[in-house]
Amino acid sequence: MKEFLVSQFIDDELNLKEKKLFVENVHKEEEFYEETISSLDFEMVMKNKISEVQTPRLDIPKGKKAPSYKNLTRFTQLLAASIIIIFALSIFSNQPATQKAEKFVNYRFVIYKPEAEKVEISGEFTNWKPLKLNEVSQSGYWEAEVKLKPGEYKYFYLINDKKVVADPTSIYKVEDGFGNKNSILKVNA
């Protein structure tokens with residue numbers, strides 16, 4: 001409030017009654033006096049009225065000191081800033097999981113098909129496009145490692161581009177509507 005009054009005084013926006021009240025307050029409070037003089041000095045330098053400012057000292061008799069609101073104002077500003085920061089943190093920490101950094105899990109698919117020349121996997125995690133599995137050193141085992149988000153996925157193996165096979169190691173299976181079965185994989189974070 002005092003900064004506003006100083007600004008109004010400097011810009012000549014106060015009426016005579018307000019100017020008198022302003023001057024009385026300047027003489028009562030040393031901090032207000034120093035703040036006003038500092039603002040006037042700054043204003044004078046900014047308007048190039050003088051190159052160096054010499055501030056006259058006002059001898060205010062020691063005695064009953066007016067209460068200082070400067071520290072209270074700074075405390076209020078810090079309190080408000082703290083509340084804003086806490087509020088912002090609470091908003092961002094309660095974001096839905098979709099907005100947080102997504103976690104992926106490396107999942108290894110393995111099937112034993114020694115008679116196969118080619119094995120692929122197709123499922124919701126590949127948008128139903130076949131993904132080639134690699135044969136593990138002519139052992140009959142085929143494998144692929146896929147990064148998956150936590151969730152539930154339907155999938156199947158495609159053997160030699162013809163035969164659809166549900167994962168024999170999967171407990172959960174569901175009809176696919178085409179006479180075959182899809183396996184269901186549940187991935188946890």
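The structure is a predicted model, in which local features need a pLDDT of at least 70 and side-chain atom pairs count only at pLDDT 80 or more, while totals for chains, interfaces and linings use all residues. Residues are numbered from 1 along each chain as its sequence is written, and side-chain values use heavy atoms, with hydrogens and water left out.

The protein contains 4 helices and 9 strands, where helices (H or I, at least four residues) and strands (E, at least two) are DSSP runs numbered from the N terminus. Along the sequence these elements follow the pattern α-α-α-α-β-β-β-β-β-β-β-β-β. Among the contacts in the protein with a separation of 6 or more, 61% are between residues 24 or more positions apart, a contact being defined as heavy atoms within 4.5 Å.

The accessible surface of the protein comes to about 14,500 Å², and 56% of this surface belongs to carbon and sulfur atoms; such areas come from the Shrake-Rupley method with a 1.4 Å probe, and for residues only the protein chains shown count as cover. Of the 189 residues, 23% count as buried, a term that stands for under 20% relative accessible area, whereas exposed stands for over 50% and partly exposed for values in between (1.4 Å probe, protein chains only). Phe-75, Leu-79 and Ile-83 make a nonpolar surface patch of about 310 Å². Patches are made of residues with over 30% relative accessible area and no salt bridge, with like charges joined within 9 Å and nonpolar side chains (Val, Leu, Ile, Met, Phe, Trp, Tyr) joined within 5 Å. Leu-79, one of the residues of this patch, lies in helix α4 (residues 70–93) and counts as partly exposed because its relative accessibility is 42%.

A pair of aromatic rings is described by the distance of the centres and the angle of the planes. Rings of Phe, Tyr and Trp (its six-membered ring) pair if their centres lie within 6.5 Å, and planes under 30 degrees apart count as stacked, over 60 as edge-to-face and the rest as tilted. By this rule the count comes to 8 aromatic pairs. One of them joins Tyr-107 and Phe-109 in an edge-to-face arrangement, with 4.8 Å from centre to centre and 65° between the planes. Tyr-107 counts as partly exposed at 29% relative accessibility, whereas Phe-109 counts as buried at 1%. Phe-109 also pairs with Tyr-155, and because the planes of these rings stand at 65°, with centres 5.2 Å apart, this pair too is edge-to-face. The pair of Phe-109 in strand β1 (residues 105–112) and Tyr-155 in strand β6 (residues 151–159) links distant parts of the chain, 46 residues apart. Tyr-155 is buried, with a relative accessibility of 1%. Tyr-107, Phe-109, Phe-125, Tyr-153, Tyr-155 and Tyr-157 form one aromatic cluster. In another part of the analysis, the charged end of Lys-186 sits over the ring of Tyr-172, 4.5 Å from the ring centre; the criterion is that NZ of Lys or CZ of Arg is within 6 Å of the ring centre and within 35 degrees of the ring normal.

Side chains of opposite charge can pair when their charged atoms come close. A search of the whole structure finds 3 salt bridges, each defined by a side-chain nitrogen of Lys or Arg within 4 Å of a carboxyl oxygen of Asp or Glu. The salt bridge between Glu-143 and Arg-108 has an N to O distance of 2.7 Å, and it links Glu-143 in strand β5 (residues 141–148) with Arg-108 in strand β1, 35 residues apart. Glu-143 is partly exposed, at 26% relative accessibility. Glu-120 forms a salt bridge with Lys-118, with the closest N and O atoms 3.8 Å apart; Glu-120 is buried at 11% relative accessible area, while Lys-118 is partly exposed at 30%.

Most residues other than glycine have a negative phi. Asp-161, which is found in the loop between β6 and β7, has a positive phi near 65° and is partly exposed, with a relative accessible area of 48%. Gln-138 likewise has a positive phi, near 50°; Gln-138 is found in the loop between β4 (134–135) and β5 and counts as exposed, because its relative accessibility is 75%.
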